[in-house]
Amino acid sequence: MGISYKDSGVDVNRGYEAVKLMKGYVKSTYNENVLGDIGSFGGFLSLPKGYEKPVLVSGADGVGTKLKLAFLADRHDTIGIDAVAMCVNDIVAQGARPLYFLDYFATGGLDPKKAADVVKGVSEGCKEAGCVLIGGETAEMPGFYPPGEYDLAGFATGIAEKSKIVSGKDIRDGDILYGLFSSGLHSNGFSLVRKLLGEDIKELSKYSDGLGCPVIDELLKPTRIYVKTVLSLLDSGVAVKGMAHITGGGFIENIPRIMPEGLGCEIDTGAYEVPEIFKMLGRLSGLEKEEMYNTFNMGIGFVIAISPSDEKALRDALDCLNESYCVLGKVIRGSGVKLV
């Protein structure tokens, strides 16, 4: 009797079971543009009508070491939302409507239920973003990952009318920056978070005071998806000049990416109440303000640049959407981000 693939650590039957469990979640994201079904070698999607010069906008990202806390808590049904959010928020920041998403799930030993829970979160994120989960890859690689752990990444593509791409090229000195609030840490800075708080689930509980929930619940809150809000703004005709998704690098790295050469921004850090989780991490780390704003989103997950003459239209549209926001700062001559 020979040595089988199963003997090496790969059980194809577990893969079949995982696909069976995932299938319902995947199909729940489908729309009229999907061609074919689960199991093909590639996903097929017809482009929606109504575009004169359609441009495809793509992005890829992962969840990062936030996964370590999902393993610690043994919670796997929301981490997929993070994977979707990190990709589609980047896409919509260019003014593109997300079309489809693909996930990559890799583990040392496949647990079909755990994999299906992850895909459940991915499907929920896709539905929130208005895109379809058109395919993905589940890889079982014995010896490559510690027992019980996995990695998760995503790839998304959106569509925009070429003339309506939001690039930031028209931003000018004196334009105003509006901030849309985050749901928490999102999916950035968790290597520092884990170093500060440790990775003992019982010990973590001592950090819950003032948060309004157990600290593990706060840390695992899914990244907020801004797609519906942003597309509603653009569809309403609000003249948005530029948008920034606040991810790794925080304010300091992300906002300057949308600024034309010779322009920077001034951020009023007192324009809103910084959530307690960031205050706590600041106290524990002893980091200066600039380093905190260069690591975390500090309660602001998305930034919109607009002309002062269009502020009322933006506020009216945000109010109609019941969106919480603040006037975060303004564009100034220079470069980088000035915190005041």
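Helices (H or I, at least four residues) and strands (E, at least two) are DSSP runs, numbered from the N terminus. Just after helix α8, G237 takes a positive phi of about 95 degrees. This is a predicted model, in which local features need pLDDT of at least 70 and side-chain atom pairs count only at pLDDT 80 or more, while totals for chains, interfaces and linings use all residues. Residues are numbered from 1 along each chain as its sequence is written, and side-chain values use heavy atoms, with hydrogens and water left out.

**Overall dimensions**

The secondary structure of the chain comes to 12 helices and 12 strands. Its radius of gyration is 21 Å, close to the 20 Å that the globule rule gives for 340 residues, so the chain is as compact as a globular protein of that length. The radius is taken over C-alpha atoms, and the globule rule is 2.2 Å times the number of residues to the power 0.38. The C-alpha trace spans about 75 × 55 × 35 Å along its principal axes.

The accessible surface of the chain is about 15800 Å², and 51% of that belongs to carbon and sulfur atoms. Accessible areas come from the Shrake-Rupley method with a 1.4 Å probe; for residues, only the protein chains shown count as cover. Of the 340 residues, 49% count as buried, where buried means under 20% relative accessible area, exposed over 50%, and partly exposed in between (1.4 Å probe, protein chains only). Contact means heavy atoms within 4.5 Å. Among contacts between residues at least 6 apart in sequence, 86% join residues at least 24 apart.

Two strands pair if DSSP finds at least two bridges between them. Strand β4 (residues 97–107) runs antiparallel to strand β6 (residues 150–161), and 10 bridges join them. The bridge partner of Y100 in β6 is T157. With strand β5 (residues 132–140), β4 pairs in the parallel sense over eight bridges. Within β5, L133 stands opposite F101. From β4 the chain crosses through helix α4 (residues 112–129) to β5, a β-α-β crossover that is right-handed. Right-handed here means that, with the strands pointing away from the viewer, the path from the first strand over the helix to the second runs clockwise.

With a relative accessible area of 48%, G136 is partly exposed. Leaving aside neighbours within four places in sequence, G136 is in contact with L102 and D103.

F144 counts as exposed, at 59% relative accessibility, whereas E149 counts as buried, at 17%. Beyond its neighbours within four places in sequence, E149 is in contact with K68, F71, T107 and G108.

| Pair | Separation in sequence | C-alpha to C-alpha distance |
|---|---|---|
| F144 and D103 | 41 residues | 19 Å |
| G136 and K27 | 109 residues | 13 Å |

**Nonpolar cores**

A nonpolar core is a set of buried Ala, Val, Leu, Ile, Met, Phe, Trp, Tyr and Cys residues joined through side-chain atoms within 4.5 Å. The largest such core has 95 residues, of which F101, F251 and I255 touch the most other members. Helix α3 (residues 79–92) supplies the largest share of this core, nine residues. A second, separate core has six residues, including L45, L99, I134 and I159. In soluble globular proteins, nonpolar side chains tend to be buried together.

**Helices α8 and α10**

In helix α8 (residues 227–235), the residues V227, T229, V230, L231 and L233 are buried. Helix α10 (residues 276–285) has I277, F278, M280, L281 and G282 as its buried residues. These buried residues of α10 pack against α5 (190–197), α7 (215–219) and α11 (289–293). Just after α10, G286 takes a positive phi of about 70 degrees.
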